[in-house]
Amino acid sequence: CIRDRLITAENIDMVIKKNSEIKEEVLSQAIKLRSNPEIMQVASPPQLALLILKGFGLIQMPIEDKYWSGAIFVKDGKYIPVLNTALPRANQYFTAWHEIYHLIYDVVSFSHIIETETIMEERKAEYFASLMLLGNLLPYYTELPEMDFLSKIFHCMDTFSAPYKAVLIALYEGAVQNENQKLMSLIKENFDNSFSDLADRFRKLGLDDNLVRPSYVCLLYTSDAADDG
């Protein structure tokens with residue numbers, strides 16, 4: 001599996017192909033969760049993700065490693081999710097939904113050592129996170145007012161509370177399905193961008209730059225789910 005941080009313009013087509021192979025299964029799981037009235041009581045998907053993880057005894061702590069976004073630790077039969085709050089909030093929200101997939105739907109990673117199966121579960125978790133945060137992104141992007149491509153992407157990030165690459169991957173998938181070659185080319189041209197001034201770019205567009213800044217939260221939650229395993 002290729003985690004979103006390792007996806008590049010060169011291999012994005014392979015990722016979209018993998019997504020097409022698991023789409024029916026993962027979309028069904030996402031719809032099932034969205035259809036649960038006991039769970040879907042929070043309007044904001046990012047806050048809902050954090051609420052669900054808190055029920056499992058979430059640990060939030062800053063770790064100065066830009067490649068370590070989160071994990072689930074298993075101790076004495078208990079599954080404990082951890083989020084790295086030294087990363088931008090958008091990355092935290094995406095990781096939260098990624099870990100929720102493992103907690104609710106993953107029947108492989110915690111009991112198997114077969115690498116190919118675990119790799120596929122990682123791709124499913126990434127795709128699940130994308131579906132929960134971004135849904136059907138293409139219509140929103142298409143209806144944005146006329147502006148340059150990156151400004152549109154930043155607006156998408158702001159509206160859906162999602163990281164840069166996650167937005168581009170979801171948008172690329174929609175472009176492939178609609179055979180929109182122009183949009184596919186634009187995405188590939190900008191996919192490997194690295195921004196040192198993302199917060200400043202958000203402010204200039206009138207967007208909330210908190211989304212692309214770390215929260216540095218340090219909290220530990222206890223819960224019945226964590227206590228019971």
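Student: Taking helices as DSSP runs of H or I with at least four residues, numbered from the N terminus, where is S130 found?
Tutor: In this predicted model, S130 lies in helix α4, which covers residues 115-134.

Student: Buried or exposed, and why?
Tutor: S130 counts as buried because its relative accessibility is 11%, and buried means under 20%.

Student: What does S130 touch, leaving aside neighbours within four places in sequence?
Tutor: With those neighbours set aside, S130 is in contact with F94, G135 and A170.

Student: Switching to rings, how many aromatic pairs does the whole structure have?
Tutor: A search of the whole structure gives 10 aromatic pairs. One of them joins Y141 and F149 edge-to-face, with 6.2 Å centre to centre and 70° between the planes; Y141 and F149 are both buried.

Student: And what about Y164 and F195?
Tutor: Their ring centres are 5.1 Å apart and their planes stand at 80°, so this pair is edge-to-face. The pair links distant parts of the chain, 31 residues apart, since Y164 is in helix α7 (residues 164-177) and F195 is in the loop between α8 (181-190) and α9 (198-204). Y164 counts as buried, at 8% relative accessibility.

Student: Back to Y141: which charged end sits over its ring?
Tutor: That of K152, which sits 4.9 Å from the centre of the Y141 ring.

Student: Which residues make up the aromatic cluster with W97?
Tutor: W97 forms one aromatic cluster together with Y101, Y105 and F128.

Student: Last one, where is L48?
Tutor: L48 is placed in helix α2, residues 45-54, and counts as buried at 1% relative accessibility. Its C-alpha atom is separated by 9.5 Å from that of Y93, although L48 and Y93 are 45 residues apart along the chain.

How values were computed:
Residues numbered from 1 in each chain as written. Predicted model: local features only at pLDDT ≥ 70, side-chain atom pairs only at ≥ 80, totals over all residues. Heavy atoms only, no water. Helix = DSSP H or I, 4+ residues; strand = E, 2+ residues; numbered from the N terminus. Buried < 20%, exposed > 50% of the residue type's maximum accessible area, 1.4 Å probe, protein only. Contact = heavy atoms within 4.5 Å. Phe/Tyr/Trp six-rings, centres within 6.5 Å; stacked < 30°, edge-to-face > 60°. Lys NZ or Arg CZ within 6 Å of the ring centre and 35° of its normal.
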